[in-house]
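Here are my notes on this one, in the order I'd go through it. Have a look at the structure, then read on.

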Amino acid sequence: MSIRITDTAFDVAAETAALSRGRTDIGAVVAFSGICRDSEDGERIASLTLEHYPGMAEAEIARHVEEAESRWPLLGVRVVHRVGRVEPGETIVLVAVASKHRRAAFAAAEFLMDYLKSRAPFWKMVEGTERKSWVDAQDKDDDAATRWRKISKRDAAE
Amino acid sequence: MKVLYFAWIRERVGKADEEIDPPASVRTIGDLVHWLGGRGEEYAYAFQNQKIVRAAIDRVHVRSEAKIAGAREIALFPPMTGG
């Protein structure tokens, strides 16, 4: 597993390719990128600024990667998360998951993203054209994370 | 013990961290948030909605009923909005 928190832009393709480079046992890689948009509810976004809890952010992501590894037969996981100022068009987060087959890779990537949204200690502040404001947490993100608790590890492995 | 604040809670309190020495009657995270809220105007503003405050003890998420005895580092923050 590779977990990286960075304040500079990163290359999604290079990060994703690194997961399977030099390996022939991997049959599936699913990569999810979360990208900074230029508007929210019709309001223009000039930039986002991400704050995190150093130490805990890495540890919390690692705990969820370990849980994903216990639920699905994974062959590699790479998570990169930006902090600091991010402009529209830039990637905020990359979750890339490798497995032998696609289903485990798709499911684990979605599981990790659902937990990252509501359990990893990051906070977004959005800078509009006139004002700055902290992004409100969404109930739907909480619900997305909670639903995985209802799915047993055995179901998940199938 | 050391307490850390993040995002708008940090902005409202006006500092990122501080050493605190709460009285023995402050036993849980919920007690701590209530006690902090009584420390002045900026704290009252930061902790006016106690239900929304999330917490971690020694970098692990905890609920408001969690005991704070023995904690080295307590973090208080709004609901997370990463990813």
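1. Ground rules first: two strands count as paired if DSSP finds at least two bridges between them. Helices (H or I, at least four residues) and strands (E, at least two) are DSSP runs, numbered from the N terminus. This is a predicted model, where local features need pLDDT of at least 70 and side-chain atom pairs count only at pLDDT 80 or more, while totals for chains, interfaces and linings use all residues. Residues are numbered from 1 along each chain as its sequence is written, and chains are lettered from A and ligands numbered from 1 in the order in which they are written.

2. Chain A has an open, mixed sheet of four strands, ordered β1-β6-β8-β2. β1 (2-6) and β2 (28-35) of chain A are the edges; each has a single partner strand, so one side of each lacks a neighbour in the sheet.

3. β2(A) runs antiparallel to β8 (residues 91-99) of chain A, with eight bridges between them. In this pair, A:Ala31 sits opposite A:Ala96 of β8(A).

4. Helix α3 (residues 102-119) of chain A lies across β2, β6 (74-82) and β8 of chain A, at about 145° to β8(A). Contact means C-beta atoms, placed from the backbone, within 7 Å; axes are lines fitted to C-alpha atoms, for helices over the stretch in contact, with angles from 0 to 180 degrees between N-to-C directions.

5. Now the contact between chains: chain A puts in 21 residues and chain B 14 residues. On the chain A side, α3(A) gives the most, with five residues.

Terms used. Contact = placed C-beta atoms within 7 Å.
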